[in-house]
Amino acid sequence: MDRTVDAAPGIRLWAEERGPAAAPPLLLIMGAQASGLGWPEEFTDLLAARHRVIRYDHRDTGRSTWAYDERPYPLAALADDAVAVLDAFGAERAHVVGMSMGGTLAQLLVADRPERLRSATLIGTGALSATPWLRPDGTAVPVEDLPGPDPRLLELWSRPEPDDIGPEAELDRRVEHWRLLNGDRIPFDAAYFRALERGIVEHTGHHRAGTAHARADTAGLVRTERLARTDVPTLVVSAPAEPVYPLPHAQHLAQVIRGARLVEIPDMGHALPRPVHAPLAAAILEHTARAAATH
(Lines give C-alpha, C1' and ligand atoms only; values in the text may rest on other atoms or scores of the structure.)
Protein backbone atom coordinates (compact mmCIF):
# COMPACT_ATOMS: atom_id res chain seq x y z
CA MET A 1 0.00 0.00 0.00
CA ASP A 2 1.40 3.39 -0.92
CA ARG A 3 0.55 6.89 0.29
CA THR A 4 1.89 10.42 0.45
CA VAL A 5 3.43 12.03 3.52
CA ASP A 6 3.49 15.77 4.19
CA ALA A 7 6.99 16.01 5.65
CA ALA A 8 7.46 19.80 5.71
CA PRO A 9 5.75 22.88 4.24
CA GLY A 10 5.59 22.30 0.49
CA ILE A 11 7.30 18.89 0.75
CA ARG A 12 5.30 15.75 0.04
CA LEU A 13 6.92 12.30 0.04
CA TRP A 14 5.84 9.08 -1.64
CA ALA A 15 5.94 6.11 0.70
CA GLU A 16 4.90 2.46 0.69
CA GLU A 17 4.45 -0.32 3.24
CA ARG A 18 4.21 -4.07 2.90
CA GLY A 19 4.22 -7.04 5.25
CA PRO A 20 1.99 -8.03 8.19
CA ALA A 21 0.20 -5.02 9.66
CA ALA A 22 0.91 -6.19 13.22
CA ALA A 23 4.61 -6.90 12.61
CA PRO A 24 7.32 -4.59 14.01
CA PRO A 25 7.91 -1.68 11.60
CA LEU A 26 11.18 -1.51 9.68
CA LEU A 27 12.09 1.67 7.78
CA LEU A 28 14.39 1.47 4.74
CA ILE A 29 16.38 4.66 4.01
CA MET A 30 18.09 4.77 0.62
CA GLY A 31 21.17 6.71 -0.50
CA ALA A 32 21.69 10.04 -2.23
CA GLN A 33 19.47 10.77 -5.22
CA ALA A 34 17.97 7.30 -4.85
CA SER A 35 14.28 6.48 -4.94
CA GLY A 36 12.87 4.09 -2.39
CA LEU A 37 12.62 1.64 -5.28
CA GLY A 38 16.40 1.41 -5.05
CA TRP A 39 15.60 -1.24 -2.42
CA PRO A 40 14.92 -4.18 -4.77
CA GLU A 41 11.54 -5.88 -4.64
CA GLU A 42 12.97 -9.32 -3.85
CA PHE A 43 15.08 -7.97 -0.98
CA THR A 44 12.21 -5.92 0.44
CA ASP A 45 9.95 -8.97 0.37
CA LEU A 46 12.51 -11.01 2.35
CA LEU A 47 12.38 -8.41 5.12
CA ALA A 48 8.58 -8.15 4.89
CA ALA A 49 8.28 -11.80 5.90
CA ARG A 50 8.93 -10.65 9.48
CA HIS A 51 8.36 -6.89 9.42
CA ARG A 52 6.00 -4.18 8.30
CA VAL A 53 8.50 -2.71 5.85
CA ILE A 54 8.28 0.97 4.92
CA ARG A 55 10.28 2.47 2.06
CA TYR A 56 9.96 5.95 0.65
CA ASP A 57 11.30 8.45 -1.88
CA HIS A 58 13.53 11.15 -0.45
CA ARG A 59 12.55 14.67 -1.46
CA ASP A 60 14.03 15.40 -4.92
CA THR A 61 13.73 11.74 -5.92
CA GLY A 62 11.02 9.54 -7.37
CA ARG A 63 7.44 10.73 -6.85
CA SER A 64 8.30 13.01 -3.94
CA THR A 65 8.51 16.80 -4.25
CA TRP A 66 11.40 18.09 -6.37
CA ALA A 67 11.97 21.63 -5.11
CA TYR A 68 15.58 22.04 -3.99
CA ASP A 69 16.28 24.95 -6.37
CA GLU A 70 13.31 26.89 -4.96
CA ARG A 71 13.68 25.75 -1.33
CA PRO A 72 17.21 24.51 -0.56
CA TYR A 73 17.66 22.50 2.63
CA PRO A 74 20.51 21.02 4.69
CA LEU A 75 21.15 17.31 4.39
CA ALA A 76 20.02 16.85 8.00
CA ALA A 77 16.49 17.79 6.93
CA LEU A 78 16.28 14.38 5.27
CA ALA A 79 16.57 12.76 8.71
CA ASP A 80 13.56 14.81 9.79
CA ASP A 81 11.75 13.48 6.72
CA ALA A 82 12.42 9.91 7.93
CA VAL A 83 10.75 10.75 11.27
CA ALA A 84 7.81 12.27 9.40
CA VAL A 85 7.40 9.01 7.48
CA LEU A 86 7.38 7.03 10.73
CA ASP A 87 4.77 9.41 12.13
CA ALA A 88 2.58 9.05 9.05
CA PHE A 89 2.55 5.28 9.38
CA GLY A 90 1.93 5.37 13.11
CA ALA A 91 5.30 3.81 13.88
CA GLU A 92 6.26 5.15 17.29
CA ARG A 93 9.46 3.06 17.25
CA ALA A 94 10.99 1.23 14.32
CA HIS A 95 13.97 -0.74 13.16
CA VAL A 96 15.87 1.42 10.66
CA VAL A 97 18.12 0.25 7.83
CA GLY A 98 20.17 2.90 6.03
CA MET A 99 22.42 2.49 3.00
CA SER A 100 25.06 5.01 1.86
CA MET A 101 23.60 8.47 2.56
CA GLY A 102 20.76 6.57 4.19
CA GLY A 103 23.35 5.27 6.65
CA THR A 104 24.30 8.86 7.42
CA LEU A 105 20.66 9.69 8.11
CA ALA A 106 20.26 6.57 10.24
CA GLN A 107 23.23 7.69 12.35
CA LEU A 108 21.55 11.06 12.86
CA LEU A 109 18.48 9.22 14.11
CA VAL A 110 20.60 7.06 16.41
CA ALA A 111 22.21 10.21 17.82
CA ASP A 112 19.28 12.64 17.86
CA ARG A 113 16.09 10.54 17.99
CA PRO A 114 17.04 7.30 19.78
CA GLU A 115 13.57 7.07 21.33
CA ARG A 116 12.16 6.38 17.84
CA LEU A 117 14.50 3.45 17.08
CA ARG A 118 14.29 -0.22 18.02
CA SER A 119 17.55 -0.89 16.18
CA ALA A 120 19.73 0.47 13.38
CA THR A 121 21.54 -1.27 10.53
CA LEU A 122 24.20 0.72 8.65
CA ILE A 123 25.34 -0.27 5.15
CA GLY A 124 28.00 1.34 2.95
CA THR A 125 28.52 4.51 4.94
CA GLY A 126 31.12 6.43 6.94
CA ALA A 127 31.03 7.33 10.61
CA LEU A 128 29.71 10.69 11.80
CA SER A 129 32.54 10.72 14.34
CA ALA A 130 35.87 12.48 14.76
CA THR A 131 37.28 9.56 16.74
CA PRO A 132 40.26 7.95 14.96
CA TRP A 133 40.17 4.35 13.76
CA LEU A 134 42.28 2.04 15.88
CA ARG A 135 44.12 -0.58 13.85
CA PRO A 136 44.41 -4.06 15.36
CA ASP A 137 47.95 -3.16 16.47
CA GLY A 138 46.59 -0.16 18.39
CA THR A 139 47.79 2.50 15.93
CA ALA A 140 45.36 5.42 15.63
CA VAL A 141 44.43 6.57 12.11
CA PRO A 142 42.77 10.02 11.83
CA VAL A 143 39.41 10.01 10.08
CA GLU A 144 40.74 12.24 7.31
CA ASP A 145 43.37 9.60 6.49
CA LEU A 146 40.88 6.79 5.87
CA PRO A 147 40.71 5.75 2.19
CA GLY A 148 38.38 7.55 -0.20
CA PRO A 149 36.22 6.28 -3.08
CA ASP A 150 37.55 4.27 -5.99
CA PRO A 151 39.18 6.67 -8.51
CA ARG A 152 36.99 5.23 -11.25
CA LEU A 153 33.93 6.45 -9.37
CA LEU A 154 35.47 9.86 -8.79
CA GLU A 155 36.10 10.15 -12.54
CA LEU A 156 32.51 9.19 -13.36
CA TRP A 157 31.09 11.60 -10.76
CA SER A 158 33.19 14.43 -12.23
CA ARG A 159 31.63 14.12 -15.68
CA PRO A 160 29.04 16.82 -16.41
CA GLU A 161 25.53 15.53 -17.04
CA PRO A 162 24.37 16.38 -20.60
CA ASP A 163 21.24 18.55 -20.64
CA ASP A 164 19.68 16.71 -23.57
CA ILE A 165 20.45 13.10 -22.65
CA GLY A 166 17.75 10.69 -23.79
CA PRO A 167 16.09 7.96 -21.70
CA GLU A 168 18.17 5.06 -23.02
CA ALA A 169 21.43 6.99 -22.75
CA GLU A 170 20.52 7.90 -19.17
CA LEU A 171 19.89 4.22 -18.43
CA ASP A 172 23.30 3.45 -19.96
CA ARG A 173 24.87 5.99 -17.60
CA ARG A 174 23.11 4.54 -14.56
CA VAL A 175 24.12 0.98 -15.45
CA GLU A 176 27.73 2.10 -15.82
CA HIS A 177 27.47 3.65 -12.35
CA TRP A 178 26.10 0.43 -10.88
CA ARG A 179 28.88 -1.54 -12.56
CA LEU A 180 31.42 0.40 -10.51
CA LEU A 181 29.33 0.39 -7.33
CA ASN A 182 28.87 -3.37 -7.58
CA GLY A 183 32.56 -3.94 -6.90
CA ASP A 184 34.84 -6.48 -8.53
CA ARG A 185 33.84 -9.73 -6.79
CA ILE A 186 30.22 -10.45 -7.71
CA PRO A 187 29.70 -10.82 -11.47
CA PHE A 188 27.86 -7.76 -12.71
CA ASP A 189 24.33 -8.35 -14.03
CA ALA A 190 23.75 -5.39 -16.35
CA ALA A 191 20.25 -6.55 -17.32
CA TYR A 192 19.19 -6.71 -13.65
CA PHE A 193 20.32 -3.18 -12.89
CA ARG A 194 18.91 -1.81 -16.14
CA ALA A 195 15.52 -3.29 -15.24
CA LEU A 196 15.82 -1.80 -11.74
CA GLU A 197 16.55 1.66 -13.11
CA ARG A 198 13.89 1.40 -15.83
CA GLY A 199 11.37 0.71 -13.08
CA ILE A 200 12.60 3.74 -11.15
CA VAL A 201 12.28 5.96 -14.23
CA GLU A 202 8.72 4.72 -14.81
CA HIS A 203 7.89 5.26 -11.14
CA THR A 204 9.38 8.78 -11.19
CA GLY A 205 7.74 9.80 -14.45
CA HIS A 206 10.93 11.19 -16.01
CA HIS A 207 14.57 10.21 -16.49
CA ARG A 208 16.22 13.41 -15.25
CA ALA A 209 19.06 12.82 -12.81
CA GLY A 210 18.83 14.76 -9.55
CA THR A 211 21.71 16.61 -7.92
CA ALA A 212 20.03 18.11 -4.85
CA HIS A 213 21.58 15.84 -2.23
CA ALA A 214 25.08 16.48 -3.56
CA ARG A 215 24.47 20.22 -3.19
CA ALA A 216 22.78 20.16 0.22
CA ASP A 217 24.68 21.67 3.15
CA THR A 218 26.48 18.98 5.17
CA ALA A 219 27.67 21.22 8.00
CA GLY A 220 27.15 20.07 11.56
CA LEU A 221 26.59 16.36 10.97
CA VAL A 222 29.29 14.99 13.29
CA ARG A 223 27.83 13.26 16.35
CA THR A 224 30.95 11.84 18.04
CA GLU A 225 29.81 11.93 21.67
CA ARG A 226 26.21 10.85 21.08
CA LEU A 227 27.22 7.84 18.97
CA ALA A 228 29.75 6.84 21.61
CA ARG A 229 27.10 6.63 24.33
CA THR A 230 24.03 5.41 22.43
CA ASP A 231 21.88 2.51 23.62
CA VAL A 232 20.38 1.83 20.17
CA PRO A 233 21.35 -1.71 19.09
CA THR A 234 23.37 -1.13 15.94
CA LEU A 235 24.58 -3.50 13.24
CA VAL A 236 27.31 -2.41 10.84
CA VAL A 237 27.55 -4.28 7.54
CA SER A 238 31.06 -4.81 6.23
CA ALA A 239 31.28 -5.19 2.45
CA PRO A 240 34.73 -6.41 1.35
CA ALA A 241 34.33 -5.09 -2.23
CA GLU A 242 32.96 -1.69 -1.10
CA PRO A 243 34.23 1.03 -3.52
CA VAL A 244 32.69 4.16 -1.92
CA TYR A 245 33.59 3.59 1.74
CA PRO A 246 36.31 0.94 1.39
CA LEU A 247 37.69 -0.97 4.32
CA PRO A 248 38.30 -0.06 7.11
CA HIS A 249 35.33 2.38 7.17
CA ALA A 250 32.94 -0.32 8.41
CA GLN A 251 35.39 -1.36 11.12
CA HIS A 252 35.78 2.27 12.16
CA LEU A 253 32.01 2.72 12.29
CA ALA A 254 31.64 -0.34 14.50
CA GLN A 255 34.30 1.04 16.85
CA VAL A 256 32.80 4.49 17.34
CA ILE A 257 29.16 3.45 17.95
CA ARG A 258 28.67 2.06 21.40
CA GLY A 259 27.88 -1.64 21.40
CA ALA A 260 27.79 -1.93 17.59
CA ARG A 261 28.22 -5.36 16.03
CA LEU A 262 29.98 -5.98 12.71
CA VAL A 263 28.89 -8.55 10.14
CA GLU A 264 30.52 -9.21 6.77
CA ILE A 265 28.44 -9.99 3.68
CA PRO A 266 30.80 -11.95 1.40
CA ASP A 267 31.81 -10.24 -1.86
CA MET A 268 29.38 -7.34 -1.37
CA GLY A 269 30.15 -3.90 -2.81
CA HIS A 270 28.05 -0.72 -2.71
CA ALA A 271 25.03 -2.26 -4.42
CA LEU A 272 22.26 -4.79 -3.87
CA PRO A 273 22.62 -7.43 -6.60
CA ARG A 274 20.70 -10.68 -6.23
CA PRO A 275 23.54 -12.70 -4.61
CA VAL A 276 23.56 -10.43 -1.53
CA HIS A 277 19.79 -10.37 -0.94
CA ALA A 278 19.51 -13.54 1.11
CA PRO A 279 22.62 -13.14 3.31
CA LEU A 280 22.00 -9.44 3.91
CA ALA A 281 18.33 -9.95 4.75
CA ALA A 282 19.26 -12.82 7.07
CA ALA A 283 21.78 -10.63 8.90
CA ILE A 284 19.25 -7.80 9.31
CA LEU A 285 16.49 -10.13 10.51
CA GLU A 286 18.84 -11.78 13.01
CA HIS A 287 19.79 -8.32 14.27
CA THR A 288 16.21 -7.09 14.64
CA ALA A 289 15.23 -10.30 16.42
CA ARG A 290 18.19 -9.94 18.79
CA ALA A 291 17.30 -6.30 19.47
CA ALA A 292 13.69 -7.23 20.20
CA ALA A 293 14.79 -9.92 22.62
CA THR A 294 17.17 -7.70 24.57
CA HIS A 295 15.44 -4.30 24.55
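This briefing covers aromatic ring pairs and charge-over-ring contacts. The model is predicted. A search of the whole structure turns up five aromatic pairs. One of them joins tryptophan 178 and phenylalanine 193. Ring pairs link Trp178, Phe188, Tyr192 and Phe193 into a cluster.

**The Trp178–Phe193 pair**

- Tryptophan 178 and phenylalanine 193 are stacked, at 5.1 Å centre to centre and 25° between the planes.
- Tryptophan 178 belongs to helix α5 (residues 167–181) and phenylalanine 193 to helix α6 (residues 190–204), so this pair ties together parts that are 15 residues apart in sequence.
- Tryptophan 178 and phenylalanine 193 are both buried.

**The Phe188–Phe193 pair**

- Phenylalanine 193 also forms a stacked pair with phenylalanine 188.
- The centres of these two rings are 5.3 Å apart, with 10° between the planes.
- Phenylalanine 193 has a relative accessible area of 1%, so it counts as buried, under the 20% cut-off.
- Phenylalanine 188 has a relative accessible area of 21%, so it counts as partly exposed.

**Arginine over aromatic rings**

- Arginine 59 places its charged end over the ring of tyrosine 73, 4.6 Å from the ring centre.
- Arginine 208 places its charged end over the ring of tryptophan 66, 5.9 Å from the ring centre.

Definitions and conventions. Residues numbered from 1 in each chain as written. Predicted model: local features only at pLDDT ≥ 70, side-chain atom pairs only at ≥ 80, totals over all residues. Heavy atoms only, no water. Phe/Tyr/Trp six-rings, centres within 6.5 Å; stacked < 30°, edge-to-face > 60°. Helix = DSSP H or I, 4+ residues; strand = E, 2+ residues; numbered from the N terminus. Buried < 20%, exposed > 50% of the residue type's maximum accessible area, 1.4 Å probe, protein only. Lys NZ or Arg CZ within 6 Å of the ring centre and 35° of its normal.
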